[in-house]
Amino acid sequence: MDVPAFARAYGNAWASRDTAVFVALFAPDAVYRDDQVGRLSRGHPDLHAFHAHFVAAISDIRMDFPNAFGNGRDLCLEWVFSGVQTGTYHGRAPTGIGFRANGVAVIRLADDGRIASVTDYYDSAGVQRQRAA
């Protein structure tokens, strides 16, 4: 597998306002865990709602991947994310403030090459401080 190409597709899907593009990367029973915001999404309907909420609240989304590597079905993507909170996000009113975060996505692929699971790790307190500035 070309892990850097996969990372680019993943980042482009996050940035896309077309939630179907994002959901298509995942197996139907995939699990996405983001403990920083207390979100556990299971399956396509949850993933659709999760991404739709995100892109409705965050604009100018950009993801870069300084490191992306894997071994078989297990991938690790180091990411740098930036965006602007222009909508309500998890109950927080729009700020119009840009923010940036560094993080890591630990991904397991299903047999068909789609994502079976993702767990994201990042400094959510740092993101909140930036959005409150």
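Biologist: Which side chain forms a polar contact with the side chain of Ser 41, and at what distance?

Modeller: In this predicted model, Ser 41 belongs to strand S2. A polar contact links its side chain to that of Arg 39. The partner is therefore Arg 39, at a distance of 3.3 Å.

Biologist: Is Ser 41 buried or exposed?

Modeller: Not counting residues up to four places away in sequence, Ser 41 touches residues including Asp 46, Leu 47 and Phe 50. The cut-off for burial is under 20% relative accessible area. Ser 41 has 0% relative accessibility and therefore counts as buried.

Biologist: Which residue of S2 is the bridge partner of Tyr 32?

Modeller: Strands S1 and S2, the latter spanning residues 39–42, pair in the antiparallel sense over 4 bridges. Tyr 32 is also among the residues that Ser 41 touches. The bridge partner of Tyr 32 in S2 is Ser 41.

Biologist: Which residue takes a positive phi in the hairpin of S1 and S2?

Modeller: This hairpin has 4 residues between its strands. The positive phi, near 65 degrees, is that of Gly 38.

Biologist: Which element gives the most residues to the largest nonpolar core?

Modeller: The core has 33 residues, and Tyr 10, Phe 26, Leu 77 and Ile 107 have the most contacts inside it. Among the elements that give two or more residues are helix H1 (3–15), helix H3 (43–57) and strand S4 (74–85). Leaving aside neighbours within four places in sequence, Leu 77 is in contact with residues including Val 3, Phe 6, Ala 7 and Tyr 10. The element that gives the most, with 6 residues, is H1.

Technical notes:
Residues numbered from 1 in each chain as written. Predicted model: local features only at pLDDT ≥ 70, side-chain atom pairs only at ≥ 80, totals over all residues. Heavy atoms only, no water. Core = buried A, V, L, I, M, F, W, Y, C linked by side-chain atoms within 4.5 Å. Buried < 20%, exposed > 50% of the residue type's maximum accessible area, 1.4 Å probe, protein only. Contact = heavy atoms within 4.5 Å. Pairing = 2+ DSSP bridges. Polar contact = N/O pair within 3.5 Å; in protein donor to acceptor, adjacent residues only side chain to side chain.
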